[in-house]
Structures are given as C-alpha cells and as structure tokens.
Amino acid sequence: MLTACASKQANVAASPQGRPIPSEKVGIDVPGTNPGKEIVGDSTRPSWVYYQYGLQAIDNHEWAVSKHYLEESLRLLVTEKYDPAKSRLTRSEDSIYKMQMPVRIVQALEDVYPNLSEQEGEDSTYVDSLSIDGVDAYDENAADSASIRVIENFLDTVDAGRFSLPIRFNERVMQEIYYMTTTARGFITRSLSRKTAYDSLIYTKLAQKRMPRDLIYLALVESGFNVKAYSRAKAAGMWQFIPETGIRYGLDVDFWVDMRRNPELATDAALSYLSTLYAEFGDWLLSMAAYNCGEGRIRRLIREKKADSTWGDRPVTYWDLQLPQETMHYVPRILAAMVIGHFPDHYDVAITKRHLPAYDTVTVYDSFSLDEIAKFLKVPEDTLRTLNMELTMWCTPPNRDAYLLRLPYGTRSSFVQNYDRMEKNGFSSWRQHKVRKGESLGNIAQQYGVRVTEIQRANEMKKNARLKVGRTLLIPIKVAPRRSTGKKPSKVRTYIVQLGDNLASISRRFGVSQESLRIWNNIEPGYNVKKGDTIYVSKPDLKPTSFVQQRVALKKGEKYVVKAGDTYALIAKQYKVPVFLLLQANSGFTKRLTIGDSLSIPAYVRPPRKMSKATDDEIPVIEVSKGVDSSDKKSNKSKKTEEPESSKNSKKQPVSTTIIYTVESGDNLYAISRKYSTTVSAIREMNDMGNSSNIKVGQKLKIPGGAASVPSGPKVEEIIHVVKRGEGLWDISRQYGVTIEDIVKWNDLKDTKIKINEKLKIRTTKKIKK
C-alpha cells in the first residue's frame, strides 16, 4: 500500500532499480587487503544504514543529499561501540567493518565532491530536511533512571486531558522527551519556532475538519515544518508525501511543480489522508502509525492480534503492536513533541515567533521565467522562489492553462502593467538527454538545434560547469514554422485538440503565437479550447464569402445542430457572430461541444471591417472624449435634433464612420473592440499595428464604426460574477474583456480590493434567464 511518508529507516534498503539489499548481513568486496575478505554490513548499525542511503543518493545524482548521509555515516562510525547482545556481527567481522568502512566512505565522497562544485545549489534546497536529529535519528544513549524520574515527576503534575491526542506517560514517551530535549534540542527548538508561522493555517484547517489540534505535531516530526524537506525515500514537503500518495490526494508532481511543497495544499492532503485512516481504524495513534508505515501493515497486524484466541474481545491499540523500528519511535516522538510544545518554558526551549511574508496573487496564462518577473518587479529572484515554493524549475509551469503566482505584497499592479512587456518562454516542448561518454554541451546543442546558453539556463548550469557522463539534461525544443516552398499550399494547416492541450501548448508545438491562434480562429479571451476542437495552426487563406456560401439559413426559433468536425469557432464564423457571444448563449464556457447538440445562434449585426474604396477624408470621423461612450443613447438623441433634414433622410442608407478613441488607463484592445462592436484585428489593421497589442494611455486610435447614428450589437445586460480564491479585478477583467475601471464603476467600489465570494456586476451581451 502507498504511504504518505515512506519508512526512512527500513529493515530492507533498496537501490533505485528496486534491487533489495539484505538486512541481515551484506558483504562488499574490498580490494587490497585480505583478499577474499569483505566488509559485512549490519542493518542494526546506523553507520551502515546511512552509508546505504548515501550510495542510493549517488545513483540518483543527488550529490548534496549523498554528501550529507556519507558524512553522517563517518561520524556515527567513530562513536559506535560493539555490543554482542545487539549486533548480528561477530567481533572479528566488526573489526573488519571498522577498519575498511572509512576507506569505502571516503571513496564514495571522492565521487560526490566534484559534482557538488559543478552543481552548487541544485540539491542544497533539500539538505535542511535531512537533519539527523529529526525522525531519522535514534539516540543510542537512552535516558538513565535518574533522568526518567525527573521527567516523570513533572508529568505527574500534568493533566493528560489538556491534550487532544490520547497519551500515556509511559517509558517510551519519556525516552523520546529525553532525546528531544538533549541530543535533538536544536531540532525541537528550530521546529517549534518554524511552527509559529504555520499555526494559523494548520489549526484553522484542523478546526474545519473537527480533528485534534495536536495532530499538528505530526508535521514537526515529519519535517520540522520545513516546506522544502526532502527525504532519501523521495518524500517531500512539510507533511512528507511520496509522489504516488501525493498525486492520490491531489498534489501534482511533475517536472515543473511539486505541490507537496505548497503548505496549504499539502495540509489539506495530509488531513484528508489522516481522516481516511481514522475512519478505518477509529484510533488516532493507529492512524498516525499507518501514516508512517502504511495502512496495510497496521491492518494485517490488527487482524493477526484478533485471530489469536488468547486475545479475546479487547480492542487493539497502538501500544499492543510490534512495528518497524521507525514506527515504534514515530508515534511516541509525536506525543513527546506535543508535551514539549505545550510546556516549552519548563524544558527551557526558547521559541522565536515567525511570520509568513504577506503576498499578492495573480493568475498567469503564459510561462514566465522568475528572473524576468523579478527584473520588472525589482525584487530578488529568491523572494519569488520563497513565495512559490512548489515551483521546481526557473519558470512558471508551461504545461498549465493558468497558474496562481504569488508576488511580494504591493507589487501586483506593477506585474499587471508589465504583463505584456515581459518576455514569455517560447519553447514548444522539452526533451531529456542522458549524457554519453565524449559528449559536450556544444555537440548536444547542435544535435537538437538549440544554443548552449539555452541548455545551461534550462538546467541552471554555470558557464564553466563540467558535464558528467550519465547526467540527464533537459533540452528546450523550438518548433519553427515551415519555410515557404514558393508553392501555395493546397489547404490550411489544422489541428484537432487533444486531451490536456491548451493554447499555450499548441502555440509552442507549432511555433506560432497564442495571439495568432486567437485571431485565426476568432477565439475570444476567456475561452479554453476543448478536446475535439479543430483549429487553424497556420494563417487561413479564406475568401471573405467562403463561410457565407456554406451558411445554412435558420428559420425563426430554429437551432443549429452540431455535425462532425464542428467547433464553436467554425460555427461562429459560419453565422458571422463572435465566438464569445455564441459561447455565452450556449453555456460554452462550461459545456463541451458534442455531435447532435442544438445551438442557439445569437442575433448580431457585424459592422463593416474595412472601407475598401473610401479614403480617410471621405469617412465621417467621431472623436470620443474621455469618459464618453459613442453608443450613449442620450448623446445620440441630442445629435439627432441638430441634424438637417438631408441627414435624416440619409439614415436609410447608413454612413460608415471612423471613431477616434483616446486610450485610458486599464484599456486593452479587446475591451475597446467590444465597446465599439468591432474586432481586435480590425483596429490593428486601421492603425497599422501589425500583430502588436501594445497601446499607451493618451494614444489616439482609429476605431472602425458602423452607422453613425444606429448603435450595433446585442443589448447589454448584467451578470453576477462570484469572486473565487486568488482572483483579482485584473483576472476578472481579462476573463470578460472589460476594464478594471468599468468593474469599479459598475459596482461602486471604493478601491480595487475584493473579497472571496463577493458578488460583482459585469455588463455583458448574454441574455439572463429569469
């Protein structure tokens, strides 16, 4: 069965390939002295166990982790004493072990140190978690009777009812209290100090689930409240989930993110797992034991106890089970930490209160490198890494539609203003390359058609770093557009959207921009492509009337029936309506399009997109002052009274107009196009902007208009948007294609701060069902 934290000191170690290392006696050939003799290892010896962990880390290229375990193995080797009652080795075998092990450890370290200097910092984020005074360590120097008596005298004065976990003040708990207040005093002090930063978060979630408050001390024993904790068993985060269990409880683990390191999500997952265990065992101590060694083992041991005819009908408790060595220490250590945490002053543990840094959040729809964001926000890159601890690489994940990014408090507005100016990662895919003998970065880069600097950046390598044979490199791949052969293609390139695709991944795959995909397919912001959609991935070469010729007229009240190959974008083009309106009219933002669906085609009058024969001097120009809407009925009415009779008669043949619009703060091209019932591409074309979306406050834009006196487009109505966690006004404005100022005005907001579950009025063309 999968467990949240794999056993850190199991009786059977295993290599990365899964080959078991026997726990009783393990021999390693020792070249040189005493041919035929070998070092005999004993899993009861800590130095041997840590040596094995170090070798495993070398196999996994975890150099800092390996250094940590090998050096600890050497330290333990010096202090270990031969005990014939506990050891499985003879005295002669023990002598050989102590003579040859230092040589083996030093040989292993000689392989580690060069790689450490080459990849400085790559594994260092994990070293903090491997503190030997944590759950990995077991004190060989047990408390004597006098020390136990001192601990017991104090516990006699303590009411066990003040704790939310059931506790027995037995010798196993007292031994752990002694250990954590002597040998591991540094660990318990650091851990209880770090705990203060997460008290509010964890206690709130425990209260919501009606779980014992003192379960918080499980995280202390697991990681010391270190969110970057990483064990040799691949368990990570504050609650030490292995990847399989993390994924089972909603913690995504891939190349780009490790949500086990997200304190909030990991706490949710840990409490859900513990709740599941408690639902089965009905006992919190058994549940904690199962969290450590697996529910399967606990289930089997309980079954064996109950099958014993001498046991009777008594309930089986944690204290009745013979468990692995780690789990025998694990639960008493949690209880000991709980006692110390309740009475730190009695044990002279000085706790320094800590606070999590305040932060803003913003949703990003593109992949940005953290150094690029740091440059525009003028903050250290390490600050962003600390706030976004689940990011395992140098950038926001390129394989997600959206990512909730944490920013230093007060920098959100700066990020929003610079969003379109920041350089986005333009890589379309990533490959892994295992370095072979004789290869260099130069010929690897040439093999994949990328630059050496791109490989170095992707792998966070220093310029003069040595390339180690066997190392796996991440290779960024760019897919360039196909070169023209001089012949007109027979048809436009299309692509059928697969499960997991989004515009970002498709744009990288075909080497085009997301904005081009939106323009070619008439995709409005806020719409995510779905599996089965057919979209253009090259510029479509269609005649203006091509879709009109295919259009099948619908009678009043009749609906369009979806056929094979249809997409919202194609149907919208066929009936000359914006995709956004078609999606709104048919719940397209939440409902996937399938064959046989009946779609309502919303009424829409499309204004002329281009005046082919008239010059600018021949087109009436309406200049829109700041704060004035050209579609305002009152304004139109006043103009009507001033117009001559000839002008009135001319309204039977509406005259096309050009509107001069002055850009205001918070504007974007899409919002302006919606405001004047036109398209982004039409505005770009009229203002010779190419594919650029950059506009400046005060800039005057020509807006292609329709009839000068007849507003076009459907009636604007209001919808209610309920604010979700992590959303800000900027996110909502992008979703609906409006400005932040509009939302503030529509809702009479005093400022731009909004709260979760707050209801906001948004003006839209969607018809609201009564």
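Which residue follows helix 8, and what is its phi? That residue is Gly-224, and its phi is positive, near 65°. Keep in mind that this is a predicted model, where local features need pLDDT of at least 70, side-chain atom pairs count only at pLDDT 80 or more, and totals for chains, interfaces and linings use all residues. Numbering starts from 1 along each chain as its sequence is written, and side-chain values use heavy atoms, with hydrogens and water left out.

**The chain overall**
- The protein chain has 29 helices and 17 strands; these are DSSP runs numbered from the N terminus, with helices being H or I of at least four residues and strands E of at least two.
- Of its 770 residues, 48% count as buried, meaning under 20% relative accessible area with a 1.4 Å probe and protein chains only, while exposed means over 50% and partly exposed lies in between.
- Take contacts (heavy atoms within 4.5 Å) between residues at least 6 apart in sequence: 69% of them join residues at least 24 apart.

**Helix 8**
- Helix 8 (residues 216-223) is largely enclosed by the rest of the structure, because 8 of its 8 residues are buried.
- Among those buried residues are Tyr-217, Leu-220 and Glu-222.
- Their cover includes helix 6 (171-181), helix 7 (185-208), helix 10 (263-281), helix 11 (284-293) and helix 13 (325-342).

**Lys-745**
- Lys-745 sits in helix 29 (residues 740-746).
- This lysine, Lys-745, is exposed, with a relative accessible area of 55%.
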